[in-house]
Each structure stands twice: as C-alpha cells, then as structure tokens.
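Try each task before you read its solution.

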Amino acid sequence: MKRCLASIIPVILLSGCVSTSDLTGSTGTSNSPLYTNLQQHNLDGAISFAQTESGFDPEKKSVDDQLWAMQAGLLYRMKGDFASSTNYFDMIEDVMYSEDTENVLESGGEQIGSMLTNDTFLDYEQTLYDAVMVNTYKAINFEALGDIANARVEWNRSDDRQRRAAEFFAKQINKSKEELENQKDDEDAEASDIDKSVASANDLLAQQGIDMSGWKAYDGYVNPFSTFMHGLFFLRHANDAADIEKAIDSFERVVALTGSLAAKDTLDYAKSLRANPTAQNDYLWVIIENGEATQKEAFEINLPLYLVSSNINYAGVALPKLKEREETLGVFSVNDIQATSVADMDRIIQADFKDKFPLILTREITRTAIKTVAQKQINDHNPLLGLAAGFVQGLSTEADTRSWSLLPKNFQAVMLPRPADGRVKIAAEHLTTPLEVELTEPNAGVVYVKAMNPLVTPTIHLM
Amino acid sequence: MKIINQKSCLVMVAAALFLNGCKSTEVVDTRSGEYVTAGLSSSDFNNAANDALNDIISSPLLVHPQAAQGGRYIMAVSNIINDTSQRIDTDQLTKKIRVGLLNSGKFLTTTAIGLSGAEDEMTARVRELNESKMVNQTTVKKDGQVIAPDFSLSGKIIQRTNRLDRSNQLVDYYFQLTLTQLETGLAYWEGEYPVSKKVSNDSVTW
C-alpha cells in the first residue's frame, strides 16, 4: 500500500503543479503589473488587471478568485466608482459564505491536495480583517452614493463581523488543535517526530530574527477604523437617540483602544448631541488611508526532519513571513491640524498572522515529511524516478504569500470646524505637493483620502 | 462479482443524483414552518403584519367618531427604518398592514403625501392640466381637495444576533411600529413583534 501510494504521489505532484495563480509576484511587489499601472497613474489599467485575475464572469455575476476581487473592489473605490466597487464586494461576500459553509468533503479534498503540493493550492481563505473591511468599504460606498438605508445595513453587518471576531479566533485555535491531532494520527511519521521538528523550527525562526512576541491584537480583535467610521455614520445620519448612543459607544471604544485625538473630539461632539440628535454641518472629518499594509513574503529554511527510520534528514521548508512596508508619507495634517491614528492596520494583520502561524508551520513540516518519505521510497525502488520525485518536491515547495495588498498601513483622522471658505489643505511630511480640496457639496461632511506612497497619485472623495 | 456489485452501486448512485437533480423548482408553503431561514422571510413579515393589524383594529383609541356613517381615518406611511443586516424592502411590512386596514374599513392610506414626497405623484401631476387646451377643464381635479392624513405609521426593524453555543447563534428580530396622531403628535398605538431564530454559527446571517 505504501509503495502504491509512493508511486501515485509523484504523478499527482506533476499533474498538479499549477497553483491558483502566480500570486507571490503580483500582489505586493513593486514590479507587479498592478503596481506598475498604479505608478503610471493608470488606475483603469490596474482595475482591468485585477478584474482579469479575479476571473469575473459578467453573465453569472461571480468571481473565481476572492483575493483579486477584493483588490478590484478597492481599486474601483479609489476611482470613485462606488457602485462597481460594491458589486465586487457583494460577489466576495458570496464567496466568503461558500468558504464558511464549505462541506467536509470539499474542504477535505482541498486539504489533501495541499498536503501533496503547498498552501497556494487551497482556496484563499478570508481573514477576519478582510471580512470586516469588505463590509466597511461597502458601507462607506453606500454613504458616498447617498444610499443611507443600505449603508446602515452594511454597518450592521460590519458590526456583526466584529462581534464574531473573538469567536472566530477561539474557534480557529480549536480547529488548529484538532487539525494537528488529525494530522498526527494520519501521517506515516510518528506524532512525536512532527513535534520535534516543530520545536526545532521555533528555534530556527528565532535565529532568523522572526519574533512575533510583540504582536498583539486590539482588545476583542476589534478593527478600530471600522468602529470609528461606524460611529461617524450613526452620528451624521442619526434618526433617533438610539443612533447617537451607538455612535457614542463606538467612539468610546476607539478612544480606549487608540487614544486618538480625532476620536476624543468626535466623542465629545457626539455626547453634545444627546439632547438633540441631529448633527449640524459645523464640523468636517478628514480620513486618510495612509501607506501600504504589511505584506507576506516567502523564506526557506532547512529543518531537521525526525523521520520514521529515526535517521535525521534535513529538508527545505517554505514559509510565509510578514514584511512591514516603510512609512513613506508620514503623519498627515489638515489645515495645519495634525492627524492622529484611528487604527494601525499592520497591527491587525500581524495579530492575525501570529495566531495562524503555528498551523501553517506544522502543515508545512508534515507536508515535507510526507514528500520526503515518498521520495525516499521511490528512490529505493527506482533511482531515476526518485530523482524526478526530488525535482517535483523542489518545485512544489512554495509558501502562500497571498494577502490583500491594497489595504493601508494605518488610518489617520482629523476632526475640524468646517472651514468658512470651504477649502481644505491636506499635507504630509513626505508628500511633495499638499492636496487642495474644495468643499463643493454643501452636505459633504467627510473628506476621504487614500494615499499609498509618493509614486501613486492620492485619491480624494467627499461624502 | 465484486466488480459487478461496485458498478451496480455506482449506477444507482448516479441515477439517484440524476433524479434528485431533476426536481429543480417547486412551490413551497412558507406558513408550514418547514422552511426556516436565518434572514427575514415572507412568513415573518406576514406574521408581524397580521399581529399588528389585529392589534390596530381592536384598539379602542382608533375608532373614528363617525365610523357608523362611513367615517375613516387617513393614514400616511412615514419612515420604517431597516436596522438589520439584511437588505429588505420595508414595503413588505407596510403594504400588508395597509391592505388589511383598508379591508377592515377603519383606515384609508394617502399616496399623495409622504416623508420623501408622494408615493404616487399623479395626484399633483393631474392638477398641472388646469391650463391644458386638450383636457376638458370640468374634469380636472381641483385644488383644495386632497385630504391631509390623521395618522402616521412609522417604525423600525431591529436585529440582535448572539452566540448560543459552539455551533448555533440566536437571531432576534423586533418589528416595532407606531401610529402617531398628527394633530397632537401623540402615539395612539404602538406594537412590538419579536421573532427569534436559532441558526448555524458557521457563517453570517445574511
């Protein structure tokens, strides 16, 4: 049986060498088509690229690749085409639902496939912060379109996503434990051998300078940006006192988590509306999506594999790690008032990665063990085939570095009295020319800026 | 023999799948309680509307003083806020109540006056014909004939979702409705109709 399995594995490996897409080189690197287009100020080109990668089917109104659909949704937002952006995010929610409710057979099949190859063969599984951001972007899209009723629905969804956060992580930790137990039972390698390898890996990771001990989620796994914008919506579009209380709750939470001055000022203002829950048009909020979120990148290390024969073999494993991107624009100011951070997206991403890494590591070690045992057995039987299997093993060793690369590094905000001349000047330490905004719409209370880096033109929208 | 059995089994499974796949469309009875959705379904709207209707009809405060002579209160539909996580058309609720009230003979609903404009703009548009040479002027509707509403129907649909146990969540919906007497601004009638559903915790409820 083992021999049979060993002979089947290389066939599967060879036939399955195409992962979901060439993701390692196209989402986050500066020379990817996405970024080349953005740096050439060709937003339509970037959208077209993301749309193709997402596998958008206009007839079925569906997408194949969730990650690229999220990129497309965010690019449409940058363009100011909020309806198209929402269409993409709606399609993503359908995919998310399918992923959440995927049955055991489908999930099991994917897992087996990935065991013989690598994690890029698994469907992209949305992170909690992805899901929260999808609903957050939809909510502010609807708000920008003046569709307050649907914006309210999306804020309720975003709120529910945040509520599920703690449960999600608790469930994930349990799931990881169960998966580890199952893998230990299933594999040819002895349970203790995998444990020994994992223990060795932790030491080797420390030697590589990978230290995740300082990474900590916001309390309750909250994304304070989403909470801040939730509060701002219910403040600006309050129907009754209950809405103002919702806004106050949100701002109190953001102040507790971040200490942001913009959040404190807005909290005070919200409290002043308790007597009369109708926000006047006296104030203006400037929200800045600043920089580029931390990215995953691959690295390989040689790990000792304690295999069944108790012979110590070294094998290469490919793992993802996070690489923080530089703060290229710095702190923003609006009409000379310094902005304060209402959320650090990097921190949210790091905390999520830290929780998932033990499972990624164990899965990669288990996978390498299976492949190495198979390769050894094939080699014993036929050295030529063994050579081929070794080649395939090398090819199929790849880390999953997929992530929503267009998210910002952090979110900054300023609350200021509405300027009498309707002019707003937004500057940043490393922004060559300050952004000049004229408040042409009398009801606009929010200026929303996305500024990625000095090479990509910032986008500005009013709502 | 073993191979034949396996083949037979495969044929049977395929046939079962095929037959099962043929039954693609069917009419279901949503009142049977057999089909429970995490979101609000037509039976939820029906039940809430029917309960509200019965309460309004039986309220002693909402009897027109000339009811016996055919007197009717006029109701305008105000704002029904959808405070759930589902995209729903709040007309699903108000339409059923309006139909029921009309049939009960207690209320008429104005379509000429609404919070964000008239539901049916024709009442105003036909009055623009008063200078038309084409139209017989004796048939043009006169100004000062449209009847102002006595009551306003407003409300809110609220959703609260909480985890019940490891695999289930409890979704509570509240249909909250108010009839405000527009002369005094007093709420003459209020009703709240909760619906609770136990659903899987695998994913979100929308």
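**Exercise 1.** State the volume of the largest cavity in this predicted model, and name the residues closest to its centre.

*Solution.* Start with the volume: the largest cavity holds about 130 Å³. Next, take its lining, which numbers 14 residues. Closest to the centre are A:Leu128, A:Phe169, A:Tyr221, A:Val222 and A:Ile348.

**Exercise 2.** Which helices each supply at least two residues of that lining, and which one gives the largest share?

*Solution.* Assign the lining to elements of chain A. Helix H7 (128-145), helix H8 (148-186) and helix H13 (345-381) each supply at least two residues. Finally, sort the lining of the largest cavity by residue class: ten are nonpolar, two polar and two charged.

**Exercise 3.** Describe the second largest cavity: its volume, its lining and the elements behind that lining.

*Solution.* The volume is about 60 Å³. List the lining in chain order: A:Leu74, A:Arg77, A:Met78, A:Glu289, A:Tyr448, A:Val449, A:Lys450, A:Thr459 and A:His461. Helix H4 (66-79), strand E10 (446-451) and strand E11 (459-462) of chain A each give two or more residues.

**Exercise 4.** How many cavities of 30 Å³ or more does a search of the whole structure find?

*Solution.* Apply the cut-off of 30 Å³ to the whole structure; the search finds four cavities.

Key:
Residues are numbered from 1 along each chain as its sequence is written. Chains are lettered from A and ligands numbered from 1 in the order in which they are written. This is a predicted model: local features need pLDDT of at least 70, side-chain atom pairs count only at pLDDT 80 or more; totals for chains, interfaces and linings use all residues. Side-chain values use heavy atoms; hydrogens and water are left out. On a 1 Å grid over the protein atoms alone, a cavity is a set of points where a 1.4 Å probe fits but cannot get out, and a pocket is an open set with protein on both sides within 12 Å along at least five of seven lines; lining residues have an atom within 4 Å of a point. Grid points are joined across faces, edges and corners, and a volume is the space filled by probe spheres set on the points. Helices (H or I, at least four residues) and strands (E, at least two) are DSSP runs, numbered from the N terminus. Ala, Val, Leu, Ile, Met, Phe, Trp, Tyr, Cys and Pro count as nonpolar, Asp, Glu, Lys and Arg as charged, and the others, Gly among them, as polar.
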